There are 2 protein chains.
Amino acid sequence: MEKPLILISNDDGIAAPGIHVLARIAQQLGDVFIVAPDSPQSGMSSAMSVNTPLRVKRHENTDYNDNVNIFSVTGTPVDCIKLAMNNILPRRPDLMLCGINHGSNAGNNLIYSGTMGAVMEACMIGIPAVGYSLMHHSMAADFSQTVPYIEKISKAVLSKGLPSGLCLNVNFPAKVAVEGLKVVRSAKSHWTEEYREYIDPTGRPFYWLTGKQIDEEPEATDTDLYWLGRNYATVVPVTPDQTNPAAIQTVLSIVG
Amino acid sequence: MEKPLILISNDDGIAAPGIHVLARIAQQLGDVFIVAPDSPQSGMSSAMSVNTPLRVKRHENTDYNDNVNIFSVTGTPVDCIKLAMNNILPRRPDLMLCGINHGSNAGNNLIYSGTMGAVMEACMIGIPAVGYSLMHHSMAADFSQTVPYIEKISKAVLSKGLPSGLCLNVNFPAKVAVEGLKVVRSAKSHWTEEYREYIDPTGRPFYWLTGKQIDEEPEATDTDLYWLGRNYATVVPVTPDQTNPAAIQTVLSIVG
């Protein structure tokens with residue numbers, strides 16, 4: 001019997017430590033294809049390359065079991081999934097895992113996340129898909145406490161699947177000791193979007209995005225930001241589809 | 001009394017003809033700030049620049065009334081909205097308009113669209129926002145038949161607003177004669193994602209995304225693809241939030 005095929009990607013790029021933690025877990029569960037960006041792609045959402053061509057590079061497997069295959073793509077996380085499906089994978093994957101992201105994808109980060117962009121891309125073509133993120137940006141972050149949770153969730157999704165149109169956004173707290181797992185919704189939140197202004201050597205200004213995430217409902221006990229702040233891992237159900245048929249009558253009353 | 005402030009952006013870049021059709025409509029409705037990417041950003045979704053700085057350029061207004069201000073940004077459509085809100089606009093805008101996009105944002109194009117990425121960015125911070133697209137990629141496309149519809153919809157949204165968390169995705173058929181306007185949902189659809197393979201002069205392959213959009217429910221009479229195919233303009237209500245609290249119990253039964 002064929003082993004399950006597991007597609008792995010991320011948005012921090014093929015060199016980021018988090019993806020290799022994920023691959024070491026996945027190689028115990030099935031045959032693995034890593035197809036990841038060749039460069040950091042944080043904040044790339046569901047962006048895809050329409051105006052530029054893509055290259056694919058096969059990397060030597062020196063660190064894994066023989067059932068792991070490693071490719072990088074000169075594009076976005078979504079490009080990786082599309083190219084993997086069409087030009088790289090030997091068959092349709094049974095599971096898609098993404099991450100482990102170096103940084104939070106909780107609250108309103110979801111819509112900007114390249115990690116979740118890749119997860120939603122897989123979800124939209126019917127592949128059970130899970131994104132994993134650690135709320136710690138360091139490339140030297142300690143992922144050890146995330147491993148048993150990732151194993152449990154990945155095995156469950158591999159064996160039971162996910163309903164059509166549904167994928168998962170899993171976040172781990174920055175602290176090493178994880179208290180437990182909560183299935184919750186995303187907190188309503190926003191970023192205080194300040195741009196730091198700099199002056200270049202020729203006297204012209206340039207701007208760099210900064211700011212911090214504000215939980216708009218800190219009292220709500222059923223959100224990811226609430227539980228991550230209390231050192232729990234969180235699982236948020238995500239539906240990529242942004243159309244809202246329930247609002248058709250309301251919109252008719254405005255523009256009809 | 002202050003005139004309404006209208007923020008305009010797009011994803012085809014400041015030089016694309018479509019944005020100037022939109023600006024000529026908007027300058028009749030209020031004071032206009034165009035803040036658009038300096039280069040084409042099609043397919044950029046809700047991507048934002050986190051690893052690179054941004055520059056802003058003010059452009060001379062030679063083609064419009066005095067109440068039009070023109071800026072370009074070296075980033076994505078979402079970057080344009082964030083920078084406009086934080087560093088460019090004199091006050092909070094009353095309306096955000098995006099486009100007119102050169103190409104369709106109907107069906108599943110929504111999630112990849114840079115045009116709709118900017119619209120959703122404005123929506124998430126509470127600004128009534130509408131994206132306009134013409135199903136024609138040519139830079140020489142004839143937008144004349146779209147003008148009365150854009151005037152009507154923009155005026156209605158400016159005077160009545162939109163419910164919190166809701167924005168609009170308006171598409172026009174490629175044919176010049178528009179039969180009417182339908183408020184509908186997005187058609188379930190996907191792209192046949194083929195990558196054309198090329199060989200570069202040194203013998204190495206590269207790939208370029210191609211393919212066509214497939215309507216998965218061509219019999220459904222309440223979708224954008226159905227009515228666009230019959231030369232109607234379509235308005236689709238869009239909600240940026242992709243979290244799905246209704247699925248929490250289901251996910252608990254899988255991973256809990």
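Against which elements of chain A do the buried residues of helix 3 of chain A pack?

Analyst: The buried residues of helix 3 of chain A pack against strand 1 (5–9), helix 2 (77–88), strand 5 (95–102), strand 6 (129–134), strand 7 (167–172) and strand 13 (233–238) of chain A. This is a predicted model, in which local features need pLDDT of at least 70, side-chain atom pairs count only at pLDDT 80 or more, and totals for chains, interfaces and linings use all residues. Residues are numbered from 1 along each chain as its sequence is written, while chains are lettered from A and ligands numbered from 1 in the order in which they are written.

A residue is termed buried if 20 or more other C-beta atoms lie within 10 Å of its own, exposed if 12 or fewer, and partly exposed in between, with C-beta atoms placed from the backbone. The buried residues of this helix include A:Gly114, A:Met116, A:Val119, A:Glu121, A:Cys123 and A:Met124. Helices (H or I, at least four residues) and strands (E, at least two) are DSSP runs, numbered from the N terminus. Just after helix 3 of chain A, A:Gly126 takes a positive phi of about 90°. A:Gly126 is 38 residues from A:Ser164 in sequence, yet their C-alpha atoms are 6.4 Å apart in space. A:Ser164 itself lies in the loop between helix 4 (147–160) and strand 7 of chain A, and counts as exposed because it has 9 C-beta neighbours inside 10 Å.

In chain A, nine strands form an open sheet in the order 3-4-2-1-5-6-7-13-8, with mixed pairing; two strands pair if DSSP finds at least two bridges between them. Its edge strands, each pairing on one side only, are strand 3 (56–59) and strand 8 (181–183) of chain A. From one strand to the next, the twist averages 20°. At one end of the strand order, strand 3 of chain A pairs with strand 4 (residues 68–73) of chain A in the antiparallel sense over four bridges, and A:Val56 has A:Val73 in strand 4 of chain A as its bridge partner. Helix 3 of chain A packs on the sheet, where it touches strand 1, strand 5, strand 6, strand 7 and strand 13 of chain A, and its direction makes about 170° with that of strand 6 of chain A. Such angles run from 0 to 180 degrees between N-to-C directions, the axes being lines fitted to C-alpha atoms, for helices over the stretch in contact. Helix 1 (residues 17–26) of chain A lies across strand 1, strand 2 (31–37), strand 4, strand 5 and strand 6 of chain A, at about 145° to strand 5 of chain A.

Apart from neighbours within four places in sequence, its contacts include A:Asn171, A:Thr234 and A:Val236; contact means C-beta atoms, placed from the backbone, within 7 Å.

For chain A as a whole, there are six helices and 13 strands. Its radius of gyration is 19 Å, close to the 18 Å that the globule rule gives for 256 residues, so chain A is as compact as a globular protein of that length. The radius is taken over C-alpha atoms, and the rule is 2.2 Å times the number of residues to the power 0.38. Buried residues make up 54% of the 256 residues. Of the contacts between residues at least 6 apart in sequence, 78% join residues at least 24 apart.

Chain B is the partner of this chain in the model, with 63 residues of chain A in contact with 63 residues of chain B. Helix 6 (248–255) of chain A is among the elements on that side and gives the most to it, with six residues. Chain A can be laid on chain B with an RMSD of 0.0 Å by a turn of 180° and a shift of 0.0 Å along the axis, which is the relation of a two-fold axis. The superposition is by least squares on the C-alpha atoms of residues with pLDDT of at least 70 in both copies.

Definitions and conventions. Contact = placed C-beta atoms within 7 Å.
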